[in-house]
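Here are my notes on this one, point by point. Have the model open while you read.

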Amino acid sequence: MAFGRSSRKGPPPVEPVTLKILVAGGFGVGKTTLVGAVSEIRPLRTEENLTEASRPVDDLAGVESKATTTVAMDFGRITLREDLVLYLFGTPGQDRFWFLWDELAQGALGAVVLVDTRRLEDSFACIDYFERRRIPFAVAVNCFEGADVHPVETVRAALDLDADVPLLMTDARLRESVKEVLVAVVRHAMTFTEPTPEPAAT
């Protein structure tokens, strides 16, 4: 009896849908850590050492121990399902790199705004950016060790978030915690509808 390969073929491989997600937030809030914690590939990082020359420009209040900063972007990838892959783009947190944001935001399905409750004011510009551009986003509070824990609704009120914007507590160091945030962003983006413009005054 001759043995050979079976002529029966299985189902064709699934071609995954790829989606682009931005990871934004203030300086030193944990964006690079978040991308690195969840990425299944070695993250692309564009970090440079902070220098004395940058100290008058970059506000280190609350993150005095930070020694590096992202100067372009972080990049990572995670497969949520066999048919769904997310490409993660971490934005630089300093005001002097805002000019990169429009390019990074092109084609993005949605965004994560990572927040430190000790420096909530650092997240206002990010939230405003996505609201103005109608990019759906979720807010993730990075629970730093030693930081006070505030109720979700207190944080929502402080950030003046709409009721439909997802708000989650997370630990940017933990893969499963970050995955929950990403799933929330994708779900929100899939159901996102742009606000109906107000009729022009006559």
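This is a predicted model: local features need pLDDT of at least 70, side-chain atom pairs count only at pLDDT 80 or more; totals for chains, interfaces and linings use all residues.

1. Residues are numbered from 1 along each chain as its sequence is written, and side-chain values use heavy atoms, with hydrogens and water left out.

2. Arg132 and Asp128 pair at 2.8 Å, N to O, and both belong to helix α3, four residues apart. Glu153 and Arg156 pair at 3.8 Å, three residues apart in helix α4. An α-helix has 3.6 residues a turn, so residues three or four places apart point the same way.

3. Accessibility of those partners, with buried meaning under 20% relative accessible area, exposed over 50% and partly exposed in between (1.4 Å probe, protein chains only): Arg132 is exposed at 62% and Asp128 partly exposed at 32%. Glu153 is exposed at 54%, whereas Arg156, at 14%, is buried.

4. For a link between distant parts of the chain, look at Glu40 and Arg77. Their closest N and O atoms are 3.1 Å apart. Glu40 is in the loop between α1 and β2, and Arg77 is in strand β4, 37 residues away. Glu40 is partly exposed at 36%, as is Arg77 at 29%.

5. Lys31 and Thr32 are among the buried ones, along with Leu34, Val35, Ala37 and Val38.

6. Now the nonpolar cores (sets of buried Ala, Val, Leu, Ile, Met, Phe, Trp, Tyr and Cys residues joined through side-chain atoms within 4.5 Å). The largest has 25 residues, and Leu22, Phe130, Phe137 and Val139 are among those with the most contacts inside it. Elements giving two or more residues to this core include β1, β6 and α4, but the largest share, four residues, comes from α3. Apart from it lies another core of 22 residues, Leu80 and Val186 among them.

7. Val139 is worth a click: leaving aside neighbours within four places in sequence, its contacts (heavy atoms within 4.5 Å) include Val113, Ile127, Leu159 and Pro166. Pro166 is also touched by His188, as are Pro136, Phe137 and Asp164. His188 lies in helix α5 and is buried at 9%.

8. Finally, Gly25 in strand β1. This glycine is buried, at 1% relative accessibility. Gly25 and Ile127 are 102 residues apart in sequence and 8.7 Å apart in space, C-alpha to C-alpha.

Technical notes. A salt bridge is a side-chain nitrogen of Lys or Arg within 4 Å of a carboxyl oxygen of Asp or Glu.
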